[in-house]
Amino acid sequence: MSETWLLCMTAFAVAFAVTLLTTPMAKSLAYRFKAVDFPRSRGMNNEPVPRMGGLAIVLGFMGSILFMSFFIEDFHTKKFFGFIVGAIIIVIVGMFDDVYELSAKFKLFVQILVAIIVVSTGTKLDFIMWPMWQYLKPFSNVITVFWIVGLINAVNLIDGLDGLAAGVTTIASICLTILCALSGNTLAVVICATLAGSTLGFLPRNFAPAEVYMGDTGSTFLGYVLAVTSCIGVFKTYAILALLLSVLAMALPILDTSFAMIRRAVNHKPIMAPDRGHLHHRLVDAGLSSKQAVMVLYGLSSISCLIAVVIALGDYRITLALLMILLVIILMIAVYGRRTDRKK
């Protein structure tokens, strides 16, 4: 275990350093390729901000993974090769989207293709250990594709406030690092620690007021890595609790996206149509500043992640207490949000 944590800390440190040092370069490239986010009705920025900064996250992540590949044999497998190929495709499409704003249908097609590549190289949700869920085994490939595509878009959709996606991903990846460590999966532990380091290294220039946005280059990459590593690490060990733990670790993007889909369906709007109904928009519209809204969402994400870890450790009394706190906070936000809507 001590060796795993040493590898984990090394991967984190390398990713953090590389991302921190390359963020200014990514910012310059964004200006050069005119990947700039100009003020608009749904946006929160009042001035143009470069939006291809996620390239620094990718460089930090890939640089650390390349370095760690000299120490970890699992980085030389077909499964890991499929993961890297999918990541490269996601990043390339994200960069083009930041520059040219590609259509939602094309991006969805690429995401499905990438998920199929991952599944075809051996990564998928494992239902073998799930009691009474044996009938899902024939559909595990399809469910895995849905899980990967869903999380890619979930993280992309919460990238609406300065530092939100990077901070929430840092929290979620630290949580997944702990869960995967408990499962004994060194590969997943190192990948999650690497992701945490790269996102944390990006935050100094992304937190409000942001100098640079991660754009689709970063947000889709983050969702992709979270989705695949949860399949590799968490789902392989905790049987029926696996889904619950993974959802709790990434509760904010998953729930926000689920509510967005329901909201748009009820209002007879296209599922992929943008709006200002996301939780971070509602908090700002309710009177919170951008920083305050982000800190509230950090808190919610941290509590849900803590619940996941406590469940994995088997302490259900603390789990119940944390769950009650989380529900109370969510209820307060919902009530305050409704009062604000009525005043408008």
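Helices and strands are DSSP runs, numbered from the N terminus. In this predicted model, Lys-34 belongs to the loop that joins α1 to β1 (36–37). Phi of Lys-34 is near 60 degrees, a positive value in a residue that is not glycine. The side of the chain at this point is open to solvent by the area criterion: Lys-34 has a relative accessible area of 67% and is therefore classed as exposed. A second residue of this kind is Glu-101, which is not a glycine and has a positive phi of about 55 degrees. Glu-101 is placed in the loop between α3 (78–100) and α4 (104–120). With a relative accessible area of 51%, Glu-101 is exposed.

Most residues other than glycine have a negative phi, and most peptide bonds are trans. The side chains of Glu-211 and Lys-27 form a salt bridge with an N to O distance of 3.5 Å. Glu-211 has a relative accessibility of 33% and counts as partly exposed. Lys-27 is likewise partly exposed, at a relative accessible area of 23%. Lys-27 and Glu-211 are joined with Arg-205 in a network of salt bridges. In the whole structure, 6 salt bridges are found.

Lys-107 takes part in salt bridges with two acidic residues, Asp-97 and Asp-216. The N to O distance between the side chains of Lys-107 and Asp-97 is 3.2 Å. This pair connects helix α4, which holds Lys-107, to helix α3, which holds Asp-97, the two residues being 10 apart. Both Lys-107 and Asp-97 are buried. In the salt bridge between Lys-107 and Asp-216, the closest N and O atoms are 3.4 Å apart. Because Lys-107 lies in helix α4 and Asp-216 in helix α8, the pair ties together parts 109 residues apart in sequence. Buried means under 20% relative accessible area, and Lys-107, at 19% relative accessibility, therefore counts as buried. Asp-216 is buried as well, with a relative accessibility of 12%.

Helix α1 also includes Thr-19. Thr-19 has a relative accessible area of 0% and is buried. Leaving aside residues up to four places away in sequence, Thr-19 touches Ala-56, Ile-57, Gly-60, Ser-198, Gly-201 and Phe-202.

Helices α1 (2–32) and α6 (164–183) each contribute at least two residues to the patch. Leu-313 belongs to helix α12, which covers residues 290–313. With a relative accessible area of 59%, Leu-313 is exposed.

Notes: Residues are numbered from 1 along each chain as its sequence is written. This is a predicted model: local features need pLDDT of at least 70, side-chain atom pairs count only at pLDDT 80 or more; totals for chains, interfaces and linings use all residues. Side-chain values use heavy atoms; hydrogens and water are left out. Helices (H or I, at least four residues) and strands (E, at least two) are DSSP runs, numbered from the N terminus. Buried means under 20% relative accessible area, exposed over 50%, partly exposed in between (1.4 Å probe, protein chains only). Contact means heavy atoms within 4.5 Å. A salt bridge is a side-chain nitrogen of Lys or Arg within 4 Å of a carboxyl oxygen of Asp or Glu.
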